[in-house]
Amino acid sequence: MGEKRSNHAVYNVNYHFVWCPKYRHAVLEPIEDSLGASFRDVCDEYGYEILSLHISPDHVHLFLSAHPKYALSEIVRTVKSITARKMWEQHESYLEWYLWGGGFWERSYYIGTAGTVSTETIERYIERTEHV
């Protein structure tokens, strides 16, 4: 998880996402393999690097790195919408029993950021006068 480079940026930004299927139903375990493959496909296609992925029966933890040009809401929208569409295509007969009314993911989600230094370290650096 080191620094990455592009034409005009050096960055190390990592995001921890958590979200749940509709109604927080525990529906993910039987489709875990295809859901994981779907996450990897989407992230590969859009240039997001998966650092860690954990699929629980009723929620997903996705830890990824992405170029700072991507808005967090854009990353979430892209990953959630494409994986939802793929899961409905592949597992419609299973999902329609649990997720009536369509949809796959809850609208809400959690995002946390992570880098290589803590908040306290950054605050101490900014407060020091000799770095100017």
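A salt bridge is a side-chain nitrogen of Lys or Arg lying within 4 Å of a carboxyl oxygen of Asp or Glu. In this predicted model, the side chains of Lys 4 and Glu 49 meet in such a salt bridge, with a distance of 3.5 Å from N to O. The structure holds 3 salt bridges, while the number of disulfides is 0. The points below take the salt bridges one by one and then turn to the cysteines.

**Lys 4 and Glu 49**

- Lys 4 and Glu 49, joined by a salt bridge at 3.5 Å, belong to two strands, because Lys 4 lies in strand S1 (residues 4-5) and Glu 49 in strand S4 (residues 49-55), so the pair ties together parts that are 45 residues apart in sequence.
- Lys 4 counts as buried, with a relative accessibility of 19%, which falls under the cut-off of 20%, whereas Glu 49 counts as partly exposed at 38%.

**Asp 58 and Arg 24**

- A salt bridge also forms between Asp 58 and Arg 24, whose closest N and O atoms are 3.1 Å apart.
- This pair links distant parts of the chain, since Asp 58 sits in the loop between S4 and strand S5 (60-65), while Arg 24 sits in the loop between strand S3 (14-19) and helix H1 (32-46), and the two residues are 34 residues apart.
- Asp 58 is partly exposed, with a relative accessible area of 22%, and Arg 24 is likewise partly exposed, with a relative accessible area of 45%.

**Asp 41 and Lys 86**

- Asp 41 forms a salt bridge with Lys 86, and here the closest N and O atoms are 3.8 Å apart.
- Asp 41 counts as partly exposed at 43% relative accessibility, and Lys 86 counts as partly exposed at 23%.

- A disulfide is a covalent bond between the sulfur atoms of two cysteines.
- The structure holds 0 disulfides, and for Cys 20 the reason is distance, because its sulfur is 18 Å from the closest cysteine sulfur, in Cys 43, which is too far for a bond, given that a disulfide requires the two sulfur atoms to be within 2.5 Å.

Notes:
Residues numbered from 1 in each chain as written. Predicted model: local features only at pLDDT ≥ 70, side-chain atom pairs only at ≥ 80, totals over all residues. Heavy atoms only, no water. Helix = DSSP H or I, 4+ residues; strand = E, 2+ residues; numbered from the N terminus. Buried < 20%, exposed > 50% of the residue type's maximum accessible area, 1.4 Å probe, protein only.
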